[in-house]
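Hi,

Here is the structure for you to look over. My notes on the domains and the ligand follow it.

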Amino acid sequence: MKILYSAKEDEWEIYQELLDRKLSDHGFTGFQIFRETDTKIEDIDFVIYAPKNKNEDFSRYKHLKAIFSLWAGIETIISNETIDVPLIKMVDEGLTKGMIEWCSAHTLRYHLNLDHHIKTQDGAWCFNKNQLLAFERNISVLGLGNIGMEVAKSLRDFGFSVSGWSAQKKFEPGIRCYSGEDALRETLEGADIVICLLPETKKTIGLLNKETFSYFKDGAKIINAGRGSLIDDDALLNSIENGKISHATLDVFSEEPLPQKHLFWSNKNVTVTPHIAAISRPDTCVDSIAMNIARYKKGKDFVGLVDNDKGY
Ligand code: NAP
């Protein structure tokens, strides 16, 4: 079995060591791990991949069985016409836990109005008797996939009143699950905080726009850790300007890095974070890849198999 590591050069050694150890733990022997600078890599079985080059030619690997993306979001890879093998998006504990922590932190920050005390420490003793408890706060999570559902469950377990929205109907105790385009309005209406964890697809690009922002509760807050293209930036800035949206926390952007002149940077009602909500950690990513290779060898389906028709 031959595996090609085609991702960040500075992480090659750690991936090489982890793959060696974790594939051995699964009982594999005699495998070889290559990187792109190695020669004679045509008869590769599996590629571990993070996008670097838009014109990557996968057709040169004649024995390729599958491509493992190190990212959960695969919108930049899926359109590559040289791919004719299963594409696997990253589903791993590290990404999911990282996202639970990041989304919970910003939800709690909004819920407890922490910015007010942190940013305006001005000597004024401002006692607020009207602190809501979590069960009084409605949270809607857009996207109930591998990550979104775990975020929704975690916020439910914390005590928040949680709704979620997906393409196919989900059933999860304690979470009001909506599905399909017709239910988007109901999912957004009444939410104090909307958390966006959708993938970028033809159907989701620009999903949050002038019209759909009008469905939001007045003064609602939005957290986007899905993809920047889900939001029409101008529509969001207008909704902030007119008070429809009181604050946005954005981790992902249509253009990354977010250009220095972008109005999000200077808007006091926008928090920008540099695509750090959940990072791919080598340790848990390699667990996931080794598990999937073991599944493949046993004739089982891959976990995280991308559906090309759906686009995620
Ligand atoms: P996933 O497992 O593929 O789940 C996607 C979810 O979105 C599913 O629930 C799916 O519905 C729903 N969905 C897709 N298209 C929809 C539509 N048109 N209408 C309604 N629902 C729709 O993805 P994931 O692993 O949870 O990750 C979600 C996204 O998070 C990734 O694609 C990536 O963009 C982003 N992400 C960001 C970071 C970061 O650091 N900021 C890190 C990791 C991931 P069904 O369940 O019915 O199919």
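**Domains and their interface**

The centres of domain 1 and domain 2 are 33 Å apart, taken over C-alpha atoms. This is a predicted model: local features need pLDDT of at least 70, side-chain atom pairs count only at pLDDT 80 or more, and totals for chains, interfaces and linings use all residues. Residues are numbered from 1 along each chain as its sequence is written, and side-chain values use heavy atoms, with hydrogens and water left out.

Domain 1 covers 2–92 + 281–297, and domain 2 covers 94–272. The bounds come from an automatic or database domain assignment.

Between them, the two domains bury about 710 Å², with 49% of it on carbon and sulfur atoms. Buried area here is the accessible area (1.4 Å probe) that two parts lose on being put together, summed over both. On the domain 1 side, Glu75, Asp92 and Arg281 lose the most area to domain 2, together 60% of what that side buries.

In contact (heavy atoms within 4.5 Å) are 9 residues of domain 1 and 8 residues of domain 2.

The interface has 1 salt bridge by the rule, a side-chain nitrogen of Lys or Arg within 4 Å of a carboxyl oxygen of Asp or Glu. Glu75 also forms a salt bridge with Arg227, with the closest N and O atoms 2.7 Å apart.

**Ligand**

Around the ligand are 30 residues, each with a heavy atom within 4 Å of it. Lys89, Asn146, Gln168, Lys170 and Tyr312 come nearest.

A polar side-chain atom of Lys89 is 2.7 Å from a ligand oxygen. Gln168 places a backbone N or O atom 2.6 Å from a ligand oxygen. Asp251 has a polar side-chain atom 2.9 Å from a ligand nitrogen.

On its own the ligand has 930 Å² of accessible area (Shrake-Rupley method, 1.4 Å probe), and the protein covers 93% of that area.

Best wishes

Key:
Polar contact = N/O pair within 3.5 Å; in protein donor to acceptor, adjacent residues only side chain to side chain.
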